[in-house]
Amino acid sequence: MADTDEATHSFQLVRTSQARPLVALTPRQTVAELDRYIIGQEKAKRCVAIALRNRYRRQRLPEQLQEDIVPKNILMIGPTGVGKTLIARRLAKLTGAPFVKVEATKFTEVGYVGRDVDSMVRDLVETAIRMIRSEKAELVKDEAERSAVERLIDLMVPLPVRRTVRNPLQALFGQPAEQEDNQAEETATMVESDRMTEARAKRGELRRALLAGELGDEMVEVEVPERLPPMVEVFSGAGNEEMGINFQDWLGGLMPKRTKKRKVTVKEAIRILAVEEAGKLIDKEDVTAEACRRAEQSGIIFIDEMDKIAGRERSMTGPDVSREGVQRDLLPIVEGSTVVTKYGPVKTDHVLFIAAGAFHATKPSDLIPELQGRFPIRVELAPLGKEDFRRILTEPQDAITKQYRALLGVDGVGIEFTNDAIDLIAAMAEEVNEQTEDIGARRLHTIMERLLEDLSFEAPEERQERVTIDAEYVNAKLSDIIRDRDLSRFIL
């Protein structure tokens, strides 16, 4: 179907980012990829690059030896805004590995109100399920889109139903057909044939228009499955993590699926129907099995705010009563255990755990000894200074100046940052971080938003073709705020 291939760009399913294969990523190449998005922090990049390469090395070993080699978990120590989370997130995107980020402060010891630590593994499996389902959908995308187009054609121009005109008494008593009945049936057959020919011609014309993308903005009414909220909530055996159960999923085909009608554009209708058709072509059992395997063998769990649960309780009362209890609950997950999920049991023996924390009021040695031993690699991330801020503003592939240039370009405004403006913004970020709380590179976002606030507000109406942001412009917008320390605490 040549026309389908030419027009598939109009009807796209959700695509997954193409991660480079593990074999192609040596530690040096991994660091080079991270350098495209993250400035500095070479020690941390080297640590995660080695951990990634060790995963590839383990996969090349005999299966019996693979089970004995466990990942070397990493503890990142550094203030907020220096790139701890970004390094872990970019590493997961490079490898196509399931990745979840959790806050250690959200967990409580079993028996207290809050989330139990097993939920991080369930979240990891859910992420893997979405990844595998998206990858499978990409493989059947063309077939699903063709089926979606045919379903939409059936909806917009259905084929006429052939009707046989006969005397009901003849069918009941078996009386012979009269000549008049035969003539009437022949006439009806000719009419039905003409209607069928006309419908096929209309369907062919509609198919051509759909594949050419000519009807993308036309409105059409389609039926879509209605997603019901869980009818019952139960508590999992591992703790007080709530798990939803929908009886419709349990009973399968015994209960008719509820649908609702939506009025959408033709383009959106094809997207909805294509997703539905892709679901029919994908084997759910294969998705579940592959997702559990990938979560076990390639999963990465990033535990932030680790310093907030560090410390040994001197009393067993107060809001921090479960802090050491959370550490003890984390211990079996990190060292390797089996967590029961709704997709089946998942082992955490080969999941890579990356923990992070500022450790201002506490230190890593305040963690319980058993948990300390499960994070053998420790790396300290350096605070960011003026030179780092200057590079962050210009060098990364997703640099903040490039983002604002693209955003304002939508309104026809071209902005350019001079070198002296970049230097001044970096110096201001360093100064405010020193005078107030040091929030690292996040300070650049607050400064840039304040700097371009007026321009962003007026851009759609004034239609300035080109605006140059120089040191004079930056001083005019920010100098008063920077000098007023009390004001900068609230605004920047």
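Predicted model: local features only at pLDDT ≥ 70, side-chain atom pairs only at ≥ 80, totals over all residues.
A crossing of two helices counts as right-handed if the near helix is turned clockwise from the far one by less than a right angle.

On the α2 side, the contact is made by Pro27, Thr30, Val31, Leu34 and Asp35. Across from them, α3 brings in Glu42, Lys45, Arg46, Val48, Ala49, Leu52 and Arg53. Sorted by class, the contact of α2 with α3 has six nonpolar residues, one polar and five charged.

Next up is the pairing of helix α6 (residues 119-139) with helix α12 (residues 284-298), whose axes come within 8 Å and cross at roughly 125°. That angle makes α6 oblique to α12. Here too there is a handedness to note: α6 goes past α12 in a right-handed crossing. From α6, the residues making the contact are Leu124, Val125, Ala128, Ile129, Met131, Ile132, Arg133, Glu135 and Lys136. From α12 come Val287, Thr288, Glu290, Ala291, Cys292, Arg294 and Ala295. The tally for α6 with α12 is ten nonpolar, one polar and five charged residues.

Then there are helix α7 (residues 141-156) and helix α11 (residues 266-281), which pack at about 125° with axes 7 Å apart. Because of that angle, α7 is oblique to α11. The crossing of α7 past α11 is right-handed. On α7, the residues in contact are Glu143, Ala144, Glu145, Ser147, Ala148, Val149, Arg151 and Leu152. They meet a set from α11 made up of Val266, Ala269, Ile270, Leu273, Ala274, Glu276, Glu277, Ala278, Lys280 and Leu281. Split by class, the contact of α7 with α11 holds eleven nonpolar residues, one polar and six charged.

That leaves the aromatic rings. Ring pairs are described by how far apart the centres are and by the angle of the planes. With 6.5 Å between centres as the limit, the count of aromatic pairs comes to zero. A ring does meet a charge, though: the charged end of Arg90 sits over the ring of Tyr37, 3.7 Å from the ring's centre.

Note on methods:
Residues numbered from 1 in each chain as written. Heavy atoms only, no water. Phe/Tyr/Trp six-rings, centres within 6.5 Å; stacked < 30°, edge-to-face > 60°. Lys NZ or Arg CZ within 6 Å of the ring centre and 35° of its normal. Axes fitted to C-alpha atoms, helices over the stretch in contact; angles between N-to-C directions. Helix = DSSP H or I, 4+ residues; strand = E, 2+ residues; numbered from the N terminus. Parallel < 35°, antiparallel > 145°, perpendicular 65-115°, else oblique. Contact = heavy atoms within 4.5 Å. Nonpolar A, V, L, I, M, F, W, Y, C, P; charged D, E, K, R; others polar.
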